[in-house]
Amino acid sequence: MGSTASDLHRRALVVDGLAFFSDGSTRDMLAGGVNAINLTVTDMGSDFEQALKDVMAWRQRALDPQSGWLLVERAEDIARAKAEGKLGLIMGWQNGKPLGDDPGRVALFHTLGMRVIQLTYNEANLLGDGCLETRNAGLSKLGVEMVAEMNRVGIAIDLSHCVEQTCLDAARHSTKPVLLTHANANAVIKRPRNKSDEVIRAVADTGGVVGCSIHAYLAWRGDPRQQPTLEDFAANVKYIGELVGYEHVGIGTDFAAVDSYEAVRHVMVMSRTKYAASGGDVSSVFGDVMETRYPVETPNPAHFGQLTAALERAGLTETQILGVLGGNFRRAFADIWSH
C-alpha cells in the first residue's frame with residue numbers, strides 16, 4: 001500500500017458493512033484499521049430464544065471495557081470507537097426469523113442494541129422471499145408491517161440476501177434508507193446473490209448504501225485458476241458509483257473476525273452443502289478454505305488497507321474513497337437510527 005493510500009486509510013472512518021461471524025477476536029479487524037463492523041451476532045437459522053441469548057451475550061461482551069469492543073447504538077459511536085482504539089460492534093442479523101410474527105419484538109431487540117436486520121436469508125420466511133426462492137413473491141403483509149416498525153424504532157433494513165421483488169417492495173415501503181450491506185452488481189459479475197440495476201437504483205433512491213464485497217460468492221468470475229481480485233471489487237464500486245452516485249457505495253467484505261478460520265469451518269461446510277446454488281461452485285473449485293474465498297492480497301481483515309489502495313488505483317477521488325470506506329454507511333446509519 002502506497003504512502004498516500006496508507007495515510008488516507010488511517011484518516012478514514014472505516015466501516016465493514018458485513019462480517020458474518022466472530023469468535024470474539026478484534027485482532028485482525030483492528031490491525032486492518034477497521035473502526036466498526038456490522039456483525040452477524042446469531043446464526044442465520046436461529047429462533048427467537050437463541051437469538052435473544054446471542055444478542056445478550058454480545059451486548060455484555062461489548063459493554064466490558066476490557067473486551068476491545070464498543071457497542072454501537074448511535075452513529076457517533078463509530079467515531080468514538082476509532083478514538084478509543086476499539087472495534088465498534090453494530091449488532092446485526094442476516095435473517096428476520098427471530099422476529100416471528102410479532103412486530104413488537106423489533107422494539108425489544110432495539111432496546112438490547114440491535115441496529116441491523118436483514119429481512120430474509122436465502123429462503124423464504126414469514127416476512128418475504130429470499131434470493132434462492134424462484135417464485136420471487138416479495139414481501140408479505142407481515143413483512144410490510146415489520147418494515148414500518150423497523151423504520152419507527154430505528155433499525156436498519158438489510159436486503160442483501162433478499163430476492164428481487166422483496167428488495168423492491170422494501171425500498172418502496174420504507175421511509176428510511178435501506179441497505180445492501182454486502183452485494184455486488186449483476187451487470188459486473190452475475191452471481192445468484194448480486195443485484196440488478198433496478199434494485200441498486202431503488203436502494204439509492206431511499207438514501208441507502210450498497211456494500212461492495214470481495215467474497216467469492218459475490219465476486220468470482222468463474223475462472224478456476226483465479227480467486228476474486230481487488231480489481232473486481234473496484235470495478236463493482238465504480239460501476240455502482242457511476243450508476244447511482246458514489247455517496248451510495250460502501251464496503252461489505254463478508255469477512256469473519258476470528259483468530260483462526262477453523263472457528264468458521266462449520267459455516268464453510270454449510271455453504272457448500274446447504275447452499276450449493278449460491279456458492280457450491282466456489283467450494284467445488286477451491287474447497288472449504290476460507291482464505292481462497294477472498295483476493296490473494298486480502299486473505300483476512302488485517303489486510304483491509306489494500307482495499308483503500310485498490311480504490312486509489314481505480315482513480316477514485318479522496319472524497320469518494322473516504323465515503324466508500326465508511327463515511328457513507330455512517331451517514332445512512334445516522335438517518336436510520338434517528339428518532
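Student: Before we get to the loops, what counts as a helix or a strand here?
Tutor: Helices (H or I, at least four residues) and strands (E, at least two) are runs assigned by DSSP and numbered from the N terminus. This is a predicted model, in which local features need pLDDT of at least 70, side-chain atom pairs count only at pLDDT 80 or more, and totals for chains, interfaces and linings use all residues. Residues are numbered from 1 along each chain as its sequence is written, and side-chain values use heavy atoms, with hydrogens and water left out.

Student: OK, where does D254 sit?
Tutor: D254 is found in the loop between β9 (249-251) and β10 (255-257), and although D254 is not a glycine, its phi is positive, at about 65 degrees.

Student: And is D254 buried or exposed?
Tutor: D254 counts as buried, with 11% relative accessibility, where buried means under 20% relative accessible area, exposed over 50%, and partly exposed in between (1.4 Å probe, protein chains only).

Student: What about N136, where is that?
Tutor: N136 belongs to the loop between β5 and α6; it has a positive phi of about 55 degrees without being a glycine, and at a relative accessible area of 29% N136 is partly exposed.

Student: Switching to β5, why is it largely enclosed?
Tutor: Strand β5 (residues 114-118) is largely enclosed by the rest of the structure because 5 of its 5 residues are buried.

Student: Which way does β5 run relative to β6?
Tutor: β5 and strand β6 (residues 156-158) run parallel and are joined by 3 bridges, given that two strands pair if DSSP finds at least two bridges between them. V116 has A156 in β6 as its bridge partner.
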